[in-house]
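These are notes for a colleague who has not seen this structure before. Please read them with the model open.

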Amino acid sequence: MKTVKFFLGAMALAVVSMVAAPVAQAQENKDENGKTIRHPYLTNGFWDNWFVGAAGGINYFHDDNVENHGASLDVNVGKWITPCVGLRAGYNGLNGGLDADTYHSVHVSALWNVSNAIGGYKESRFWDFVPYFHAGRMWENKGRELNAGFGLLNVVRLAKRLDLTLDVRGTA
């Protein structure tokens with residue numbers, strides 16, 4: 001129960017942070033006459049707007065009244081289809097803790113960039129708020145199972161091609 005409360009508290013804090021953050025200006029696209037077009041967004045070709053990510057962190061497990069934690073590796077590749085909607089595929093896993101087996105998870109995620117949906121696309125935005133849904137396959141020594149869950153990316157822009165991302169997710 002403590003795990004659920006912690007996760008819900010983290011999600012609530014992220015939502016409050018988003019609401020309290022200033023909204024950026026909307027994307028301003030111009031047509032051939034110089035008139036501003038706010039929607040739909042301009043999109044690029046198939047090979048544009050791809051991203052890769054690699055991260056380390058801590059996994060926290062709660063299973064049959066046993067709590068474990070251990071090191072984690074997370075590798076992703078994805079594409080923003082529009083400034084608000086993206087897809088990614090990735091791997092997450094490694095050590096399940098001192099008392100648990102190692103585990104591995106391959107997953108796909110549907111991303112929604114709330115910052116761009118509310119404030120319009122802005123390439124130089126400092127912070128993006130991106131909730132997502134994910135589903136995949138998890139396996140460990142005990143067996144293989146399908147999994148699904150949701151998460152929240154807080155993306156902070158450090159440079160033109162480098163972001164710092166805090167990824168909080170829950171999986172069942």
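1. Asp167 counts as partly exposed, at 25% relative accessibility (buried is under 20% relative accessible area, exposed over 50%, partly exposed in between, with a 1.4 Å probe and protein chains only). Asp167 forms a salt bridge with Arg169, and the closest N and O atoms are 3.1 Å apart; a salt bridge here is a side-chain nitrogen of Lys or Arg within 4 Å of a carboxyl oxygen of Asp or Glu. Salt bridges that share partners join Asp74, Arg88, Asp167 and Arg169 into one network.

2. On provenance: this is a predicted model, in which local features need pLDDT of at least 70 and side-chain atom pairs count only at pLDDT 80 or more, while totals for chains, interfaces and linings use all residues. Residues are numbered from 1 along each chain as its sequence is written, and side-chain values use heavy atoms, with hydrogens and water left out.

3. Arg169 also forms a salt bridge with Asp74, with 2.3 Å between the closest N and O atoms. Asp74 lies in strand S4 (residues 66–80) and Arg169 in strand S9 (residues 162–171), so this pair ties together parts that are 95 residues apart in sequence. Asp74 is buried, at 8% relative accessible area, whereas Arg169 is partly exposed at 23%. Helices (H or I, at least four residues) and strands (E, at least two) are DSSP runs, numbered from the N terminus.

4. The structure holds 4 salt bridges. One of them links Arg125 and Asp128, with the closest N and O atoms 3.7 Å apart. Arg125 is buried, with a relative accessible area of 11%, and Asp128 is buried at 17%. The bridge partner of Asp128 in strand S8 is Val155.

5. Which residues does His134 contact beyond its neighbours within four places in sequence? They are Val108, Ser109, Asn147, Ala148, Gly149, Phe150, Arg169, Gly170 and Thr171, where contact means heavy atoms within 4.5 Å. His134 lies in strand S7 (residues 127–140) and is buried, with a relative accessible area of 2%. Its side chain reaches the backbone oxygen of Gly170 at 3.3 Å and makes a polar contact with the side chain of Thr171 at 3.4 Å. A polar contact is a pair of N or O atoms within 3.5 Å; within protein, one must be able to donate a hydrogen and the other to accept it, and residues adjacent in sequence count only if both atoms are side-chain atoms.

6. Strand S7 pairs with S6 (residues 103–112) in the antiparallel sense over 9 bridges, and Met138 in S7 is the bridge partner of Ser105. S7 and S8 (residues 143–159) also run antiparallel, joined by 14 bridges, and a hairpin connects them through 2 residues. Two strands pair if DSSP finds at least two bridges between them.

7. Phe46, Trp47, Trp50, Val52 and Val77 form a nonpolar surface patch with about 630 Å² of accessible area together. Patches are made of residues with over 30% relative accessible area and no salt bridge, nonpolar side chains (Val, Leu, Ile, Met, Phe, Trp, Tyr) being joined within 5 Å and like charges within 9 Å. Areas come from the Shrake-Rupley method with a 1.4 Å probe; for residues, only the protein chains shown count as cover. Trp47 lies in the loop between S2 (36–37) and S3 (50–63) and is exposed at 71%. Phe46, in the loop between S2 and S3, is exposed at 52%.
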